[in-house]
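This briefing is meant for someone meeting the structure for the first time. Please keep the sequence and the model in view while reading.

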Amino acid sequence: MMNITAASRRPASISFPRLSHRTFSAPFGSSSHVKISPSAHYIIESNKLNVSLIKPTGPRGHITKGDVLSFLKSPKQEQSVRNPSDTKTASAPQQQYTEIPNNNVRKVIARRLTESKTNIPHLYLSDSCQIDNLLNARATLAKEGIKVSVNDFIIRALSLALRTVPEANAAWSVTDGAAKLLPTVDISVAVATDYGLITPIVWNADQKGVKSISNDIQQLAAKARNKKLEPKDYQGGTFSVSNLGMFGIDEFVAVINPPQSGILAVGRAFKKPFSNPLDEREEGDFEIEGLVTQREDKASESGLTFRLVDGKFQSVASEINGENASSVSVVEVVPTSHSKRRLEIATYVTLTLSCDSRVVDEELGRRLLRSLQSFLADPYLLM
């Protein structure tokens, strides 16, 4: 019989690799060492935490994943910077400032303008428009005791242009993903107040005359400045107008007021020369405010000076009716032996359309701008 010893009856021993925690040096140059689990180490590295601030609860002083997550939830985690240079930056004194409290109107404006610039693809179209006829019509009305502003004419002209180009009188529907034509032409007019910019609405502007529009705007502006506007006075509208011409701004682009399809920005009036055919003049002569000047020379006796530069007449610094002429542009017509021209001075404004390109594309915007210019050129159509 075989003798079986106790040793031979023992099962063979099987060895398993020991799962141990990694050892990492503590931050900030400390010689001490701590033991951190791999998952805890990953979180510490990702968040740039200060290990010395984390209280270990694992066996033999190990930092566990739960310890790190608990630390992240505590206020002390704000001080967990991985290197001394970051600590200096965090403890540096903050720059002094004065906080300006925001009223509800400005908060709404900020939210809506951010929404507009973020979600609406803006398309910009700009051109100048001659308004001498408009100014003459306004002066005629003033003699009759009817006081209206240039902005009143522009609002009336825009309303008729939108009626002429009805595809532009629309709004984009986010839910349907399509443009919706609107049945009425209602113009929102930007009014500056102490508590923010607000846009009361001239309802059915295409059905009102200039004087009626002027009365509506005066009443709405007074209510806006006195904080007496009701929601029905400013909620809605199909298109907006913002005019900074009275503040001396040459031109600017405005932000669309959603869900409207566009806004018209109007700059200040300025003088610019233009050329008209001259029937009975010697070849090469030009007339500037009644003064005949040779093409090869310059006008030295008139209030406006031009010089021939590279085949084109260019303005020289001078005065136009008491206004600086530095902004007068180059005359586009190049004189030849076969052309006779007379230089005249006209008044222009710069009009800039900001359009939602999902509703008003380049071609539609061009048609709207041209229609607006045609109405402004013949203001008696606006009466």
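The notes below go through a strand, the nonpolar cores, the salt bridges and a pocket.

This is a predicted model, in which local features need pLDDT of at least 70 and side-chain atom pairs count only at pLDDT 80 or more, while totals for chains, interfaces and linings use all residues. Residues are numbered from 1 along each chain as its sequence is written, and side-chain values use heavy atoms, with hydrogens and water left out.

**Strand E12**

- Helices (H or I, at least four residues) and strands (E, at least two) are DSSP runs numbered from the N terminus, and burial is judged by relative accessible area, with buried meaning under 20%, exposed over 50% and partly exposed in between (1.4 Å probe, protein chains only).
- Strand E12, residues 262-266, is largely enclosed by the rest of the structure, because five of its five residues are buried.
- Gly262, Leu264 and Val266 point one way from E12, while Ile263 and Ala265 point the other way, and all are buried.
- E12 pairs in the parallel sense with strand E11 (residues 239-243) over four bridges, where pairing requires that DSSP finds at least two bridges between two strands.
- Within this pairing, Ser242 has Ala265 of E12 as its bridge partner.

**Nonpolar cores**

- A nonpolar core is a set of buried Ala, Val, Leu, Ile, Met, Phe, Trp, Tyr and Cys residues joined through side-chain atoms within 4.5 Å.
- The largest nonpolar core has 50 residues, and those with the most contacts inside it are Ile187, Leu264, Leu351 and Leu372; its largest share, eight residues, comes from H7.
- Apart from this core lies another one of ten residues, among them Ile43, Ile44, Val68 and Phe71.

**Salt bridges**

- Ten salt bridges are counted, each being a side-chain nitrogen of Lys or Arg within 4 Å of a carboxyl oxygen of Asp or Glu.
- Asp206 and Arg163 form a salt bridge whose closest N and O atoms are 3.9 Å apart; Asp206 lies in the loop between strand E10 (201-202) and helix H8 (210-225) and Arg163 in helix H7 (residues 150-164), so the pair ties together parts that are 43 residues apart in sequence.
- Asp206 counts as buried at 9% relative accessibility, whereas Arg163 is partly exposed at 47%.
- Arg367 and Glu167 form a salt bridge with closest N and O atoms 3.7 Å apart; because Arg367 lies in helix H10 (residues 362-377) and Glu167 in the loop between H7 and strand E5 (170-173), parts that are 200 residues apart in sequence are tied together.
- The side chains of Asp356 and Arg358 meet in a salt bridge of 2.9 Å, N to O, in which Asp356 is buried at 1% relative accessible area and Arg358 is partly exposed at 32%.

**Largest pocket**

- The largest pocket has a volume of about 720 Å³, and of the 26 residues that line this pocket, the closest to its centre are Ile109, Leu197, Ile198, Thr199 and Asn257.
- On a 1 Å grid over the protein atoms alone, a pocket is an open set of points where a 1.4 Å probe fits, with protein on both sides within 12 Å along at least five of seven lines, and lining residues have an atom within 4 Å of a point.
- The largest share of the lining, six residues, comes from H5.

Technical notes:
Grid points are joined across faces, edges and corners, and a volume is the space filled by probe spheres set on the points.
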